Amino acid sequence: MSSLRLILLILIGAAAVPAIGQQFTSPSSSEGTSAPTGTAPTPKVDESALRFFAAQGDSQRLEAEMARLRALYPNWQPPKDLFSPTPDQDPDMVRLWQLFAEGKFSDIRAAIAQRQAAESGWQPPADLLNRLDEGEAARRLVNAAEAKQWASVLRIATDTPGMLVCANMDVLWRVAEAFVRTDATERAKDVYAYILSTCPDPKERLATAQKAMQVLDGPELDSLLALQRAKPDGTPEFASLRDDLLRTLVGRAAQDATLNVSAEDIDALEQLARNGSAADDALVLGWYVFRRGDAAQALDWFKLALDRKGGASAAEGYVLALEATGRALEAEPIAYQWRDAGADNRMAYIDLMAGLLSASPPPRLDQSIVARFAPVVSQDKSATGAQALGWYAYNTGQIRTAASWFRTAVQWAPEDEASAFGLALASARLKDNATLDAVAATWARKSERILALVSPATRRQLAGRAPVSSPPPLPAASAPTPIARPKAMATSVRPAAPVTLDPAPNGRVGSHDMGRASAPSAARGRADCSGAGAAAFRADRLSADDAVARGWCLLDLDRPREAINAFDVGIRNGAGRTAEDAAYGKSLAYLRLGLTNQAQVAAIETAQPPARAVELSVDLLTQRAIAAYRDARYVEAILALDERNRLAPEQQDLMMIRAWCYFKLRDFASAGRIFKALRAAGYAEAGAGINAIMAVTRQWRS
């Protein structure tokens, strides 16, 4: 059977073999003469291209053309006078074959048309036209493959089978890929088998075997590799692929835990991983053993891969293995460092932190770990992360902060019962019956533990209701409050500073919580707040640490002016972290008094850590925006909010201030967009703004 016929069988499939036998005849039967039975026909072959390449000394194209003619005409032999001069050679044909060698197919068509117009009856050689058709078809096939139009690739190949020969190896590979992409792996195997059975180039054969290894395995792959030939030194030509085959087998098993690899193969790949310097082998082994429950061994392989610059996948595996072996806190810096490397790394970081923060009792975490996790949660709108922050705050006694995070988690994932339970639990602790009843009404028929938190009367009332199809809007709240460190932890932290703003059309803004904070745990551990309520005390007699602790106590008692005096002692007499905490506390005390400028001056009396400096800037800009709004300086308020927005996300209550500023400036379009967005997010107070805009616009219309 000719190679061309074999390719047609591959393309059309085994089911069409009888039809092919009846309909297809090889070029030799149409171009040659009949021969006696049992005698191979002598084909009539157009050798003009062959002679042109020989005359040009183009050995590479000459060999390719010989291989093509042998594939098409198995009984053909090169002419003995191939390199002899051909004085009667048509100069136009030399130019046409030169254009063909350069791939200028459109120029060939134009030249043929030009000569036919000048010389009636002239016809170019049939082989040239066939080669031209095949060259143009090959170009279309490559373009279709690049565009991933796999059906078009197979259609073009079926329409022009003459190009499917060893000389067009790239075309053959693309046809095989098209079969793989259209779930016809058996047909792809036939293409690979044709190449390995027919084509002589060692490099192309090796590349073909490598491509087959990517899509085949087991007996199918073994049958292909058995087509290997002996190299001149007697060794099998595919011997070098043994290592690649190992990697392929283990790599697939690493992705699919149902696949198993023999112990001998694993040992062989382990040897390659230890002796090599690349990360890939260690990475494959890490995922293989991790997905089979051996996190300890996987940890060693992932560490080796990470040390060899294995990238995001190595970092993800290392984090997961550390967590699985009970070393989650050790994994946090790596997880945070690689959080932006990919979606899987992001998920690994969030899941790791969620496990850490949700533990009860809460672990001893440095505040910076929690502080840098919160922005990631907000950016991703991760309900899992928000819920974890809620439980961490709840378990460390920060109930209001916990409620804020649980509320956020519910907004991002309304169907998450665990977040709803956390919000209900925190609301019950805070005696926030409005929120508790709203949550219970939503989950009355779906969560017994949430229903158990409400009063018996409410429980009886909800028991008779039909299930709530959509949750009622929860009472509006500010953005989640930063979480303070539990008392058991050392070093200073960012005290929680919740902001409650309730802008109304008359310009009133409540800011009673601005600057309200709890002391850093180190200072609070030294404080004796029982004496802080005395009418007076001699702060100058206290040590710097005791003065700072006394300042935090006074701030907790809402006596900011006296707290300022105590913090001043800490600034004068203290150093390092003590002075930092004192300057920080003094800034918050001034913020409590609404003295923004003085708070800003106090903030720079001692250099603050970068994270705390940003937080102070956010608080200062918030206070400045509130003060400007209260004084009807609406443009200044918007500018302050814009500046704050570059440092931290804008809370809903501050968005209300912005909207009312636009309203006062009669920019009703901007105000309306914000009010509508807030109302859609469940912020009930936004309705007043929408009504105010409607009232004004109605007056204009009337």
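The mean pLDDT of this protein is 76, and 76% of its residues reach 70 or more. The model is predicted, so that confidence score, which runs from 0 to 100, comes before any reading of the fold. Two stretches call for care. Over residues 485-518 the pLDDT is below 50. The model still gives this stretch 122 contacts beyond near neighbours in sequence. Residues 532-537 also stay under 50. For them the model has 14 contacts beyond four places in sequence. Where pLDDT is low, the predicted coordinates should not be read in detail.

Turn next to the cysteines. How many disulfides does the model hold? The count comes to 1 disulfide. Cys166 and Cys199 form it, with their sulfur atoms 1.9 Å apart. The cut-off for such a pair is 2.5 Å, so the distance of 1.9 Å between these two sulfur atoms qualifies. The angle about the S-S bond is -85°, and the link is left-handed.

Where do the two partners sit? Cys166 lies in the loop between α9 (150-159) and α10 (169-181). Cys199 lies in the loop between α11 (185-198) and α12 (202-215). The pair therefore ties together parts that are 33 residues apart in sequence. Are Cys166 and Cys199 buried or exposed? Both are buried. Another cysteine, Cys661, has a relative accessible area of 0%. Buried means under 20%, so Cys661 counts as buried too.

Now look at a pair of helices. Helix α16 covers residues 280-290, and helix α18 covers residues 311-324. Their axes come within 10 Å and cross at roughly 35°. The crossing of α16 past α18 is left-handed. On the α16 side, the contact is made by Leu283, Trp287 and Phe290. On the α18 side, Ser313, Ala314, Glu316, Gly317, Leu320, Ala321 and Ala324 take part. What classes of residue make up this contact? There are 7 nonpolar, 2 polar and 1 charged residues. Glu counts as charged, and Gly falls among the polar residues.

Finish at Asp581. This residue lies in helix α31, which spans residues 577-592. Is Asp581 buried or exposed? Its relative accessible area is 6%. The limit for buried is under 20%, so Asp581 is buried. Which distance separates Asp581 from Val548 in space? The two are 7.3 Å apart, C-alpha to C-alpha. Along the sequence, Asp581 and Val548 are 33 residues apart.

Definitions and conventions: Residues numbered from 1 in each chain as written. Predicted model: local features only at pLDDT ≥ 70, side-chain atom pairs only at ≥ 80, totals over all residues. Heavy atoms only, no water. Helix = DSSP H or I, 4+ residues; strand = E, 2+ residues; numbered from the N terminus. Buried < 20%, exposed > 50% of the residue type's maximum accessible area, 1.4 Å probe, protein only. Axes fitted to C-alpha atoms, helices over the stretch in contact; angles between N-to-C directions. Left-handed = near helix turned anticlockwise from the far one by under 90°. Contact = heavy atoms within 4.5 Å. pLDDT = per-residue confidence, 0-100.
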